There are 2 protein chains.
Amino acid sequence: MWSTVLTVAELELIAAIRRRVGVRSERIVRPPGDDAAVVRARPYAVTSIDCVIDGVHVSLATHAPADVGHTALARGLSDLAAMGADAGEAYVAFVVPEGFTEAEALELVEGMEALAQRTGTTIAGGDVAGGPALALAVTVTGWADDAGALVGRDGARPGDLVGVTGTLGASAAGLALLRGARPAGLAPADTGALRARHLRPEPKLAAGRALARAGVTAMIDVSDGVATDAAHLAEASGVEVRVELERLPLARGVADVARAAGREPAELAATGGDDYELLFTAPPAAREAVEAAAAEAGTTVAWLGEVRAGSGVVLLDAAGAVVELAGFEHLRES
Amino acid sequence: MWSTVLTVAELELIAAIRRRVGVRSERIVRPPGDDAAVVRARPYAVTSIDCVIDGVHVSLATHAPADVGHTALARGLSDLAAMGADAGEAYVAFVVPEGFTEAEALELVEGMEALAQRTGTTIAGGDVAGGPALALAVTVTGWADDAGALVGRDGARPGDLVGVTGTLGASAAGLALLRGARPAGLAPADTGALRARHLRPEPKLAAGRALARAGVTAMIDVSDGVATDAAHLAEASGVEVRVELERLPLARGVADVARAAGREPAELAATGGDDYELLFTAPPAAREAVEAAAAEAGTTVAWLGEVRAGSGVVLLDAAGAVVELAGFEHLRES
């Protein structure tokens, strides 16, 4: 751990990283520095791995190193949120390209560590190596005392309602702004907020736990866009998921950015990824409990449609007609 | 999980991978396919992350895709071996460059899966993305029922003996052979065995558990070479580790390869990495128990030297004089 490649510069980087990473759980029996970390377990481990590569998932043209570090951890924590698990530990493989300075590497680690601290996560191990591009693979382990309290993608049943937390389209709109879009009439505060949603996505850990307790039947985080993530949920559950596009909760300013780019706002919200909101299904009887749980976790719920027998995702316009989004024809089949 | 980047080709690859990966533990509550895997825990989780990058740790010029997959998992399992933990689950981030075919990717996964099967490991989750070079980050989680049964790097005490399992130098010699070295007099069987030690390093899980039970005080896997790994152990334990170079157990043929390259065989064995044997310390009273444990696990023990008060590694020649290896002067300080 933290020790694969042994150039002196990498050893120094590893030592510097270790000094910046805090152990914030009594569960950590052996912290970083041994062959492996040892953690006192709770009954169920909930684990996900995600990678973030410069030029693929993030870009050093738009992201500061700290944004990259934040995003790499946020993606994994968002998976834990979608299961309703508590955050635990993170393990980080960090590939550093030539020309990426130690100062930049430490900024990146500080961005990750700040999110770890705020979410009660301990960065408990890692590996540093030189490579052709900046890349991070982050494994996050969360914990639960009861497997039945965790929510998969596979529990949606015909008759369930389809809901989503917070607002959508913000990350895609933020990316457009970072790439130079300047829509007329967009307030500076909205511009900043949209950019921040792209650069510093917030995993919805509290909302995920609250929704799980409130009785949601299936849940997934919105990483690929609501349309695609609804298709994943529909496939895992063996149902049809119907989403009314006009009910998508657009973040402030998304409509301005979309129109300036010649796109329908609802389409941007349906297909834009990386919002890291939670898409879920719940029986109608749980509707009020779900809304109360979301409010307690500091967020909102928008009800998008319903679950039917069948397969795939059906997107509907305001008149109830089926909408085919370019490039998303395969969702009906998935 | 298995779902970050959504080109159809990647989705097909993910589906193909899933079909090849077996769930081989009743501990797996939710297998790959959800936001995160859910695993029934034992009391202590033992976790390590390692990355393997084409051109850095492995090379497609010498490694078949299945060798890369094997090696990426073996490195992590070797960390679990060095703790004395049981193998559990693996989580794999798989970065696929342009031109690497789906057939090659599946070969790679099959190489990994074969080792997983043989060691009782379940590949329980992953992520696939396109990127600039073939790279794998593998997180392995092992389990233990008692934290006291696990062995760190930090338990070596003055008076302990220093031992190592199996034979050394084989991986470095195998790499030289793969790169075209043709030493006179090397038997074809030895050539094949040395190459295999480089391409398919075997994590010493059974030996690690057996040595932990037999009372070793500190343990590390030999990934960077005995000289460097002994320095890690010395630093973590706050002791001096003395290694007599002539006692290093050279694998068959290593001496031929070293001499053909104009190097001292013992130096190659001391500095060659990736042997994935286990370097450990044990009190003299545990000597016979350690030898018996190793024999029961199908391997041997060579006693290399002793632990003294002090710091760093001291390498000694047959006459008891201190040897300075070029490039390893820093070991005294580390």
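Visitor: In this predicted model, where contact means heavy atoms within 4.5 Å, which helices of chain B do the buried residues of α5(B) pack against?

Guide: The residues of α5(B) that are buried are B:D190, B:T191, B:L194, B:H198 and B:L199. They cover an arc of only 165° around the axis, so they lie on the same side of α5(B). The helices of chain B against which these buried residues pack are α2 (65–83), α4 (170–178) and α8 (254–260).

Visitor: How far apart are the end C-alpha atoms of helix α5 (residues 188–199) of chain B?

Guide: This helix has 12 residues, which at 1.5 Å a residue should span 16 Å. The separation of its end C-alpha atoms agrees with that expectation, being 16 Å.

Visitor: How many disulfides does the structure hold over all chains?

Guide: A disulfide needs two cysteine sulfur atoms within 2.5 Å, whereas the sulfur of A:C51 is 12 Å from the closest cysteine sulfur, in B:C51, which is too far for a bond. Both cysteines are buried, A:C51 at 3% relative accessibility and B:C51 with a relative accessible area of 2%. Over all chains, the number of disulfides is 0.

Technical notes: Residues numbered from 1 in each chain as written. Chains lettered and ligands numbered in written order. Predicted model: local features only at pLDDT ≥ 70, side-chain atom pairs only at ≥ 80, totals over all residues. Heavy atoms only, no water. Helix = DSSP H or I, 4+ residues; strand = E, 2+ residues; numbered from the N terminus. Expected span 1.5 Å × (residues − 1). Buried < 20%, exposed > 50% of the residue type's maximum accessible area, 1.4 Å probe, protein only. Arc of directions from axis to C-beta. Contact = heavy atoms within 4.5 Å.
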